[in-house]
Structures are given as C-alpha cells and as structure tokens.
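Please read them alongside the coordinates.

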Amino acid sequence: MDKVRASAAEAVADIPDGASLAVGGFGLSGVPEAAIRALHEQGATGLEVVSNNCGVDGRGLGVLLAAGRIARVTGSYVGENKEFARQYLSGELEVELVPQGTLAERLRAGGAGIPAFYTPAGVGTQVARGGLPWRYAPDGSVAVASPPKETRDFHGRPHVLEHGITTDFALVRAWRGDRHGNLVFRRAAANFNPLAAMAGRTTVAEVEELVEPGELSPDEVHLPGVFVQRIVALTPEQAADKQIEKRTVRP
C-alpha cells in the first residue's frame with residue numbers, strides 16, 4: 001500500500017515513447033512541474049497529451065513541447081504559448097480542440113468506466129459536424145480533420161456523442177497526500193487534477209505535503225487512493241515554486 005517513490009525521476013522512468021498522458025493543471029495552477037521536468041530529462045518522445053492547456057513557453061507542458069516531445073494534444077485552450085501555435089500551424093503538432101466542460105467530463109467518464117455520453121455542447125458547430133483542423137500540412141492546407149460525430153435528440157433537443165478518455169499515464173499535483181495515494185487539492189489547483197488522475201491507468205501524483213495514513217480525514221479527501229499508483233513528495237523548494245500566468249494587480 002505504500003505508493004511513495006524516491007523521486008519524480010523514478011516515478012516516470014517507465015513512461016515509453018508514444019505513451020498517452022493525462023496531465024492536470026489549469027494555466028499554471030496545479031501543474032505537476034516536477035513530474036514534467038523529470039519526464040523531459042527521461043527523454044520519452046512522441047507523447048499524446050490530454051490536458052486543458054499545454055502550459056506556456058518554458059513552463060508546464062511547454063517544456064516538453066519546446067523539446068519536440070509531444071506529437072498530439074487534446075485540450076480546450078491553446079493560448080499563451082507561441083511555440084504551440086508555431087508547431088500547430090506548421091503541421092508539426094496534431095491538436096484536438098474540445099469544449100472545456102466536455103473535456104472535463106470525458107476524463108471523468110473514462111475514469112469511471114463510462115465509454116461515452118451525450119451532451120448538447122457543440123451541437124450545430126464543427127465539433128459535431130466535423131472538419132476542425134487536427135493537423136495542417138506544411139503548405140497550410142488541412143491534412144487531418146475531425147470526423148463528424150453521432151447526434152441524437154433527447155426531449156426534443158439534439159445532443160452530441162462524446163467518448164470517455166483513458167490514458168496510459170497521468171501526471172497530477174496535489175496539496176496533501178498520504179502513502180496510500182489519498183489526495184487533497186487546494187483552491188484553484190483542484191481543477192483538472194482529480195479528473196486527470198481518474199483517467200490514467202498509472203497515475204503519478206506529486207504532493208506538496210506527504211502525511212502518514214490516517215492523518216487525512218475521510219471527509220477532506222478529494223480523490224481516493226484507488227486512482228493513484230505512485231506518490232512523489234516534493235521538496236520545500238519545489239512546493240514553493242508556483243508561477244502566476246498573468247498578474248492583474250497593481251504594483
């Protein structure tokens with residue numbers, strides 16, 4: 001039951017080339033920076049990433065992206081990263097854009113064993129009709145486009161069929177966690193992290209504070225340890241390394 005690994009490097013050592021990854025975080029909040037940087041040093045390439053966004057230049061998944069390690073991204077927001085835009089528009093990166101709520105539910109559904117579900121989000125758009133550019137050719141034409149999706153009426157309202165997402169691995173960050181893998185997320189870091197953890201077949205959770213089993217009240221656990229296979233305790237320096245994407249306060 002003790003799922004603690006000695007380091008982030010050990011926890012991600014067996015992630016192979018071409019693996020699919022669900023990665024938590026929203027902007028730069030709750031991003032598993034230590035696991036991402038360990039994976040960068042490990043060298044895996046051709047990765048297929050599912051995450052709300054792909055970090056920013058030099059932070060988060062932007063580190064793997066800049067190194068050319070990511071082949072495909074499924075996400076809902078692609079701003080704030082110039083290298084992402086360059087790779088996508090030049091045909092180096094395949095991108096599946098998903099409505100944000102749909103992406104969250106696809107991850108949750110996959111983790112809960114639900115293969116597919118219907119949602120009204122995307123009805124009447126290219127999300128349902130197909131034709132969204134997934135990959136561009138070097139000449140700017142569309143090399144791969146999204147396929148049309150099944151639609152069905154419920155109570156007189158059309159809905160789109162969306163499939164649940166499961167991945168080979170998941171990388172998440174939590175505020176507190178015990179050796180059994182039970183996790184507590186704090187404030188905005190409770191974004192896509194619980195959902196990404198559910199979707200991964202092997203989930204690596206880096207925690208700012210590691211506690212012993214029994215120290216967490218069952219009432220405060222946000223994600224039970226059944227969804228987590230590996231725990232990494234961050235150093236105080238790693239835990240304090242939190243960046244703000246955009247400062248909006250006066251000096």
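1. Helices (H or I, at least four residues) and strands (E, at least two) are taken here as DSSP runs, numbered from the N terminus. On that basis the chain holds eight helices and 14 strands. Its radius of gyration, taken over C-alpha atoms, is 18 Å, close to the 18 Å that the globule rule (2.2 Å times the number of residues to the power 0.38) gives for 251 residues, so the chain is as compact as a globular protein of that length. Along its principal axes the C-alpha trace spans about 50 × 45 × 45 Å.

2. The model is predicted, so local features need pLDDT of at least 70 and side-chain atom pairs count only at pLDDT 80 or more, whereas totals for chains, interfaces and linings use all residues. Residues are numbered from 1 along each chain as its sequence is written, and side-chain values use heavy atoms, with hydrogens and water left out.

3. Burial is judged by relative accessible area, with buried meaning under 20%, exposed over 50% and partly exposed in between (1.4 Å probe, protein chains only). Of the 251 residues of the chain, 49% count as buried. If contact means heavy atoms within 4.5 Å, then among contacts between residues at least 6 apart in sequence, 73% join residues at least 24 apart.

4. A nonpolar core is a set of buried Ala, Val, Leu, Ile, Met, Phe, Trp, Tyr and Cys residues joined through side-chain atoms within 4.5 Å. The largest one has 33 residues, and those with the most contacts inside it are Ile15, Leu21, Leu39, Leu47, Ile70, Phe84 and Leu171. Among the elements that each supply at least two residues of this core are strand E2 (20–23), helix H2 (33–42), strand E3 (47–50) and helix H4 (82–89). H2 gives the most, with five residues. A second, separate core of 23 residues includes Val50, Val172, Leu223 and Val228.

5. Leaving aside residues up to four places away in sequence, Leu21 touches Ile15, Leu39, Leu47, Glu48, Val49, Val50, Thr167 and Phe169. In H2, the buried residues include Glu33, Ala34, Ala35, Ile36, Ala38 and Leu39. After H2 comes Gly43, whose phi is positive, near 105 degrees.

6. Is Asp178 buried or exposed? Asp178, which lies in strand E11 (residues 167–178), counts as buried because its relative accessibility is 3%. Its side chain is joined to that of Asn182 by a polar contact of 3.0 Å, a polar contact being a pair of N or O atoms within 3.5 Å, where within protein one must be able to donate a hydrogen and the other to accept it, and residues adjacent in sequence count only if both atoms are side-chain atoms. Beyond residues up to four places away in sequence, Asp178 touches Leu210, Val211, Glu212, Pro213, Leu216 and Ile231.

7. Asp241 lies in the segment after helix H8 (236–240) and counts as partly exposed, because its relative accessibility is 32%. Its side chain makes a polar contact of 3.4 Å with the side chain of Gln243. Not counting residues up to four places away in sequence, Asp241 touches Arg59 and Arg173.

8. A charge sits over a ring if NZ of Lys or CZ of Arg is within 6 Å of the ring centre and within 35 degrees of the ring normal. Arg176 lies over the face of Trp175 at 5.8 Å from the ring centre, and Arg186 lies over the face of Trp175 at 5.5 Å from the ring centre.
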